[in-house]
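Work through the exercises below with the sequence and the structure at hand, and try each task before you read its solution.

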Amino acid sequence: MEILNINAWKRKQHYNHFKSLNDPYFGVTIPFDVTKAYQFAKHNNVSFFGKYLHDCMQAINAVDELKLRVVDEDVVKYDTINASATLMRSDNTFGFSYIEFSNDLNEFLAHINAEKDRIETTGALFPLRNDLECIHCSALPWFNFSGHKEPVSGQFESVPKLAFSKMVKNDSNSLSMNVSIQVNHALVDGYHVGLFSEKFQHYLNK
């Protein structure tokens, strides 16, 4: 973890302005082509959710601004960002997971499965680990949304929030999925969300 000195930080005025707002988050919904990612998952008999979440986390970890958090009035940059995803149980209730990131897809999938088993068997709502070194994300595969809003605590937050829609087939037989991303504007600008979008699509295509 690296602590950034706000007084020497080139974004000081930007940071101070948006931190003073009651809700400093802004959000957009972006369509992604998931054709190759879905084909990869089917061909290799792995979870499509696990595949695209891994691609997403690779993109998150490639953009420094998405690794920034506010801790006790300091801006810090974490080395690695993990995934805190909402996972559903067999009885249609859910629990919050904490999935440690790995560049290795199979290791990341193993982390997902371990959290699925924990949530299914314990009935716990919150994960064993709960910190700011993550993103908050949810999969909503039952419908295709064009807009999305996450619940907020009312207190100052700095963790990015993402949601993944239902996958749909287009007229060209390609597959697409809308992804909502909401970020704290004190730390992240539209340019950085654009970088994330480019990198996410890059990894989805691999």
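Predicted model: local features only at pLDDT ≥ 70, side-chain atom pairs only at ≥ 80, totals over all residues.

**Exercise 1.** Describe the span of helix α4 and the way it starts.

Solution. Begin with the extent of the helix: α4 runs over residues 105-122, which makes 18 residues. From the first C-alpha of α4 to the last, the helix reaches 26 Å, and this is close to the 26 Å expected at 1.5 Å a residue. Then turn to the start of α4, where Asp 104 brings a side-chain oxygen to within 3.2 Å of the backbone nitrogen of Asn 106.

**Exercise 2.** Find which residues of α4 are buried, and name elements that cover them.

Solution. First pick out the buried residues of α4, which are Leu 105, Phe 108, Leu 109, Ile 112, Glu 115, Arg 118 and Ile 119. Next look at what lies over these residues: the cover includes the helices α2 (35-43) and α3 (48-60), together with the strands β5 (82-88) and β6 (94-96).

**Exercise 3.** Which salt bridge does Glu 115 form, and where do its two partners lie?

Solution. Side chains of opposite charge can pair when their charged atoms come close. Glu 115 forms its salt bridge with Arg 118, and the closest N and O atoms are 2.8 Å apart. Both partners belong to helix α4, where Glu 115 and Arg 118 are 3 residues apart, about one turn of the helix. Finally, check their accessibility, and you will find that Glu 115 and Arg 118 are both buried.

**Exercise 4.** Describe the salt bridge of Asp 55 with Lys 51, and then that of Lys 77 with Asp 64.

Solution. In the pair of Asp 55 and Lys 51, the distance from N to O is 3.2 Å. These two residues lie in helix α3, 4 residues apart, which is about one turn of the helix, and both Asp 55 and Lys 51 are buried. In the salt bridge between Lys 77 and Asp 64, the closest N and O atoms are 3.6 Å apart. This pair links distant parts of the chain, since Lys 77 is in strand β4 (residues 74-77) and Asp 64 is in the loop between α3 and β3 (68-71), 13 residues apart. Lys 77 has a relative accessible area of 21%, so it counts as partly exposed, and Asp 64, at 38% relative accessibility, is partly exposed too.

Notes. Residues numbered from 1 in each chain as written. Heavy atoms only, no water. Expected span 1.5 Å × (residues − 1). Buried < 20%, exposed > 50% of the residue type's maximum accessible area, 1.4 Å probe, protein only. Contact = heavy atoms within 4.5 Å. Polar contact = N/O pair within 3.5 Å; in protein donor to acceptor, adjacent residues only side chain to side chain. Salt bridge = Lys/Arg side-chain N within 4 Å of Asp/Glu carboxyl O.
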